[in-house]
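Hi everyone, thanks for coming. Let me put the structure up, and then we'll walk through a few parts of it.

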Amino acid sequence: MTTSDRATGDRTGNGAPGGKGPAGPSGGSSFAGDVSVDGANEAAGGAAITAPSGPTPGGTGGGGVHPSSAVGPTVADPVAPGRTPAERLPTGPVMLGSIKRMVTLTVDGDEVRVPEGSTILNALHEEGTPAQADTPTLCWAPNMDPINACRVCVVEVEGSRVLVPSCARKCEDGMEVRTDTEKVRHSRKMVLELLASSADMSQASDDVQRWMGDYGVDAARYGPPAPPSEAGERDRRHAGHHHAPDGAVAANVHQPVKIDNDLYVRDYSRCIMCYKCVNACGTDAQFTFAIAAAGRGFDARIATEYEVELPDSACVYCGNCIGVCPTGALKSVREHDLRSDDDWHPEEETVTTTVCSFCGVGCNLELHVQQGSIVNVTSPADHSVTHGHLCIKGRFGFQHVQNY
Ligand code: SF4
Ligand code: SF4
Ligand code: FES
């Protein structure tokens, strides 16, 4: 059975859309999910709902016996036993979660108040200026728990010995955050520059390309790139067997693309070791654990168990790793083929949202269409069912709606 067969219905793998789902708001930029109770939580973001009026289940307004019930009185109110069922009904907003305390900090000298538990990046996104909200990120995603790997989002915090990653550091009362100092800008530039010297960033998002320009990234100053590795050569490296480069060329991770199945390719010349794919395959979404980081130092790489090819690994082809990869290292075979044929037209791409037709879960799909043909399928990161993650059928099973 080919991997395409799996996508089109012979087998779904485990493919539970979303799995656990990401931590959602806790790792993201939204405070949705915090609870507002009648204005008691001024920043919580509106998870309060108002109870409907009308007949009261189990309530007679007096004797505690439902008019249509012959089985006796309702359970006594544990809080106020004398209260009638009608009185027990909520008449205002209903609490859906915990109330959060507000913390106050300053960002570049301006006071900001956010719910306790928010990260600095949350605060910059929700309360910051446009420039502050545009803090660069690579390993962060709104639908994932913070990974804290790339350090491109660093800010200065008064009293902290080192720069702190804004995507992971929680806001504290009295914290003084600075986002645009010389130290911050220099650090962000170095992160982006070293990554660009070692990995191919040409297919990273428009935001990443813009940030590299904004921070004056000049990867060429590290010298011409070293020749690419042969297929599998980086996978065979052992920790401690690293040969120091002579400095004449810039070391890099360039290597041939891995194409070992019908659905997606692994182009690790573009991998910046952000770990998003590992976490999407693991505890953030899929719980399949088909991939992990192997090796040490510059030889670190994303690998399957024992470096086996994907069809022999635990991979179930949900494609959730593709959905979070920030550099194009992971992409569908369809996209890879179109790019290779110089037939990739993102400027013409339209995105249509629909509901997956394969099962009854109701996942939202975003169909990316170029020149009348579906080229990719994603799901919105803020969708309450998928949290941006899909199963093999939703992501790859679209051949039946079009003819190639
Ligand atoms: S497609 Fe990616 S996320 Fe899904 S099981 Fe395979 S390696 Fe894991
Ligand atoms: S393959 Fe993509 S998501 Fe995975 S570590 Fe590399 S850059 Fe990150
Ligand atoms: S985005 Fe914050 S450490 Fe990567």
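So, which strands does helix 3 lie across? Helix 3, residues 120-127, lies across strand 3, strand 4, strand 5 (154-157) and strand 7, and runs at about 110 degrees to strand 4. Helix 5, residues 182-198, packs on the sheet too, touching strand 5 and strand 7, and its direction makes about 155 degrees with that of strand 5. Contact here means C-beta atoms, placed from the backbone, within 7 Å; axes are lines fitted to C-alpha atoms, for helices over the stretch in contact, with angles from 0 to 180 degrees between N-to-C directions. Helices (H or I, at least four residues) and strands (E, at least two) are DSSP runs, numbered from the N terminus.

A quick word on the source: this is a predicted model, where local features need pLDDT of at least 70, side-chain atom pairs count only at pLDDT 80 or more, and totals for chains, interfaces and linings use all residues. Residues are numbered from 1 along each chain as its sequence is written, and chains are lettered from A and ligands numbered from 1 in the order written.

Back to the sheet: it's open, with five strands in the order 4-3-7-5-6 and mixed pairing. Pairing takes at least two DSSP bridges. Strand 4 (110-115) and strand 6 (164-165) are the edges. Strand 3 and strand 7 pair in the parallel sense over two bridges, and Thr-106 stands opposite Glu-176 in strand 7.

Elsewhere, strand 13 (364-370) and strand 14 (373-378) pair in the antiparallel sense over five bridges. In that hairpin, Gln-371 takes a positive phi near 50 degrees.

How values were computed
Contact = placed C-beta atoms within 7 Å.
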